[in-house]
Amino acid sequence: MDQLYLLATLADTRIAVDACEVEAVVRLTDISPVPGMGAHVAGLSALRSRVLTIIDVAALIHGRPTPPERRSLAIIANISGHSYGLMVDGVSDICRVPEGELPLRGQLGPAWTPYARALVEHEGHPWLLVSLAAFIEGGAVAQAA
Amino acid sequence: MVPMRASWGRLGMDELLQEFISETQETLEALAGEVVAWEADPSDRDRLDAIFRFFHTVKGSCGFLNLPRFERLSHAAEDVLSEIRAGNRSPDPATVSAVLGIMDRIGELAEAVAIGAALPNENDDFLIGALSAMPDEAVVETVGKVQAPVAVARQGGAQSGPRTIRLPLSLIDQLMNGVSDMVLARNELSRKLRERTADPELDNVFERLSTCVADMRDVISKTRMQRVDRLFAAIPRMVRDLGRELGKRIDLTLEGGDVEMDREMVEMVVDPLTHIVRNSIDHGIETPEKRRAAGKPEMGSLRVEARQSGNQIVIAIADDGAGIDTARLVEKSVLAGRLTPDAAARMGEQEKLDLIFQPGLSTANQVTAISGRGVGMDVVRANVERIGGVIALDNHPGQGLTITLRVPLTLTIIPGLIVRAGGQHFAIPRAAVVEILHDNNETLQISQVGGAQIATIRSVRHSMIDLEDVLGMEKPVQSGPRAIMVVRSATGVPFAMGVSAVDNHEELVIRPASPLVMATGVYAGMTLPDNGKPMLLLDAAGLANAARLPNIIDDRAARQREEAADAQTGVEMVAALRFEELSGEKRLLKLSLIERVEDVDARLFGRSGGRAFVRLDGRLVPVANGLCQFDRDKVSALRLKDDRREACYPVAAVLDIVQMPAVPDMVAMHGLLSGVAVIDGEHLEVVNPFALFAALPEESIVERAMGRCLLADAEDGWTREILAPLLRQAGHDVVLGLPVDAIVDPEDVVLCADAGAAQAAEIMGCRVVQLRASPRPVGPQDGSIYRYDQAALMAAIAGQRS
């Protein structure tokens, strides 16, 4: 169970992402907005010759879009054949967690329930293990439809 | 057919199985047509052998892989076929049906194995029984029906494709992406190079790199191409089965299977094509009795033909059936409340015919199992137009119907217009835009009633939307006029759409957008232009839906009257660009000559040897109207192109696209002008494209410096692989082979190895450099040059030219 996790902060919450899901973390540059979409789609951004759909995950969680000046980093992931960039506030570490995934404890906020899978313990803090695919397939598509 | 691999021992059992399944499936697909063709001509030994080989190989491999059901089925089929091969049995329709049944079952089993499902547990004995049914039983069924129901003529003969290897699609996509990255990097490098002082050596190396990248992109795009054969593969079987079911006899001809088109495009065309063929058999071609009564041959003819025309693939489906009964169409749409009897009375034949594309209409009297199930021509047209295609009908009632599909060669590149709205750029397929006007145009009147906007253009009323409103964007205040585009969506009625401006006309490389973005319904994809900012492609039909525009045939009568009036005077109209010259006059230029419109940095213009030119994309392009001094930093320029030369035409402003008569209202040839046309009451001078190109310098500026080298021995490996690259590197423009039309410029130099060709080329009036393979000349008269003597070769080419 020596799984690699990417530890990040998102909407004032400590999250962990299975490193298998992560392709890269990039600093966001230009984002071309997609008019007609909800706030959770920040727009399109080019990464070399690929076009990423940038998801404002914070908007998905608490409904408020991140202001453009606070957009900094995005986790790049390939989800069912399309490239997405998921905006996060900061990335702290990529590390192995010897204990592996721990079951969820406590009452999780309803905004997080669709995306959280388990807990990961690192340096004495619990990190919420989320699935990137769930943000796209679960939340975002449902809101768009 | 299924190659056995010597390296099987090294593959795992799973891989082995997968290999077997995919090869079986592919062969099945290819064979379906062969079986039907063989039925039509049982003496065709090649086809029989091909089918026999298939079963034989399946039997062989599946014994090894332990697939007993495959083995049993293929064994039974093989037995029957070998009897036929030995001449002990004849391939009557019942036997063929049974063989087809076995092939279907093998296909089902393969499918099940591929997806890892349990094998469908149906009784194979029944199929095998049908196969071994005694010939005399079969005879009972075929009495009076001696001929096969379908005759297939496939041009190009039996299948024997070139040697191929199997590659995962993802690998090709990766290659494509890699090449795209390379192109982007090249563009950036080119920008950087332009910023610094010119270094000819560096420029040369960069040119070479550019050529390599461009070649590579071409080759990689070709890997996406597929023969249309794959599109045709399922047709013979379908025609045969339908024909038998409906008791119709059909002579099917497939042509042009070797035409190639984009793999994805093949996928997109399968459904519309299948639908049209089904329609044709179900509704078009009559029963033998009816055909006899109508004095036609009993066997109906169905012809499916593919050919390439420019950057389009044209697929024509022609039958000699009953055609479309337009009177019934009108009756039906009046009944359905889509058309007033009054409007119907004023409709022309073509307009009536177009009613078939209205949703929910069918001329079929009753719903049959084959077609007429509500999925109609509207869906076919929507599917074809979604991929940038066009569908056209040529109806001859009682004589037949020809449906022509024109689809772009590749799904990924379409001509598009770049529009600006709400401070952002969007792309829209060029095919969707009928007309572009400015909102201060006199023929246009925009009125508002109850919140709805109506644009009346030349007395035709269109629903009008503003793109910003549909997309929920802010409409910025703008000083100039807004552009109004008349947009024709795939399924609906044309509507008017307002945008800030129409900026550009470009070939766009379209890629799919993520499902999230597609879910909005107003976008059809996205594209990444050179500036690196992703741009969305608008979906015309989606916009109309999102704006909830009424979808009613409206007031077409007025337009029709206008068209009729035009037709009476016999005026042929062509699309033209209305623009303002830098000197202030408004003029027209035929749209088809304009490749695109772009803003060019005024500093790039210059003058050399009395001729104005502009540096574009690293080349010197002549300026058509000789201007090179401007009072502004950026100047709008029309990029023009005839079949081989290009030119740049700086203008003050691009106004709009209008219809102008092909022959100007007043012909007055003078300089660059061919006459005057009256558009919307305004007299406009028409630029004469002939004079325009004729006035350009003979060769483009770069070409004149170096000239062309014609390589006569285009088929020769040495010429292609060693000589041509050498000459290209030296900066020559290289043409492989002599031009077919024998138009040779006196500046051209012909290189060849053969003395006969040298003489022929001399007769054509151009200079010749003859090459020889041996270092020594044959005799004192031998004027040829040793082909590896680079110095002499270059000197000869240069000397010839001086």
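Helix 4 (residues 93-115) and helix 5 (residues 124-132) of chain B approach each other in this predicted model, with axes that come within 8 Å and cross at roughly 155°. That makes helix 4 of chain B roughly antiparallel to helix 5 of chain B, since angles over 145 degrees count as roughly antiparallel, under 35 as roughly parallel, 65 to 115 as roughly perpendicular and the rest as oblique. The model is predicted, so local features need pLDDT of at least 70 and side-chain atom pairs count only at pLDDT 80 or more, while totals for chains, interfaces and linings use all residues. Residues are numbered from 1 along each chain as its sequence is written, and chains are lettered from A and ligands numbered from 1 in the order in which they are written.

**The helix pair in chain B**

- Axes are lines fitted to C-alpha atoms, for helices over the stretch in contact, and angles run from 0 to 180 degrees between N-to-C directions.
- Helices (H or I, at least four residues) and strands (E, at least two) are DSSP runs, numbered from the N terminus.
- Helix 4 of chain B passes helix 5 of chain B in a left-handed crossing (the near helix is turned anticlockwise from the far one by less than a right angle; clockwise would be right-handed).
- Helix 4 of chain B contributes Ala98(B), Val99(B), Gly101(B), Ile102(B) and Arg105(B) to the contact. Helix 5 of chain B contributes Asp124(B), Leu127(B), Ala130(B) and Leu131(B).
- Two residues are in contact if their C-beta atoms, placed from the backbone, lie within 7 Å.
- By class, this helix contact has six nonpolar, one polar and two charged residues (Ala, Val, Leu, Ile, Met, Phe, Trp, Tyr, Cys and Pro count as nonpolar, Asp, Glu, Lys and Arg as charged, and the others, Gly among them, as polar).

**Strands in chain B**

- Two strands pair if DSSP finds at least two bridges between them.
- Strand 3 (residues 250-255) and strand 5 (residues 300-309) of chain B run parallel, joined by six bridges. Leu252(B) has Leu302(B) in strand 5 as its bridge partner.
- Strand 5 of chain B also pairs with strand 6 (residues 312-319) of chain B, in the antiparallel sense, over eight bridges. Here Val304(B) is partnered by Ile317(B).
- Strand 12 (residues 444-449) and strand 13 (residues 452-457) of chain B are antiparallel, with six bridges. Gln448(B) stands opposite Gln453(B).
- Strands 12 and 13 of chain B form a hairpin with two residues between them. In the turn, Gly450(B) has a positive phi of about 50°.

**The sheet in chain A**

- Six strands of chain A form an open, mixed sheet in the order 8-1-2-11-10-9.
- Strand 8 (90-96) and strand 9 (101-102) of chain A each have a single partner strand, so one side of each is left without a neighbour in the sheet.
- Strand 10 (residues 116-122) and strand 11 (residues 125-130) of chain A pair antiparallel over six bridges. His122(A) stands opposite His125(A).

**Where the chains meet**

- The contact takes 23 residues from chain B and 23 residues from chain A.
- On the chain B side, helix 7 (169-195) and helix 18 (515-518) each supply at least two residues. Helix 7 gives the largest share, four residues.
- That side divides into twelve nonpolar, eight polar and three charged residues.

**Confidence**

- The complex has an ipTM of 0.85 and a pTM of 0.47 from the predictor.
- Chain B has a mean pLDDT of 76, and 83% of its residues reach 70 or more (pLDDT is the predictor's confidence in each residue, from 0 to 100).
- Over residues 1-11 of chain B the pLDDT is below 50. Beyond near neighbours in sequence, this stretch has eleven contacts in the model.
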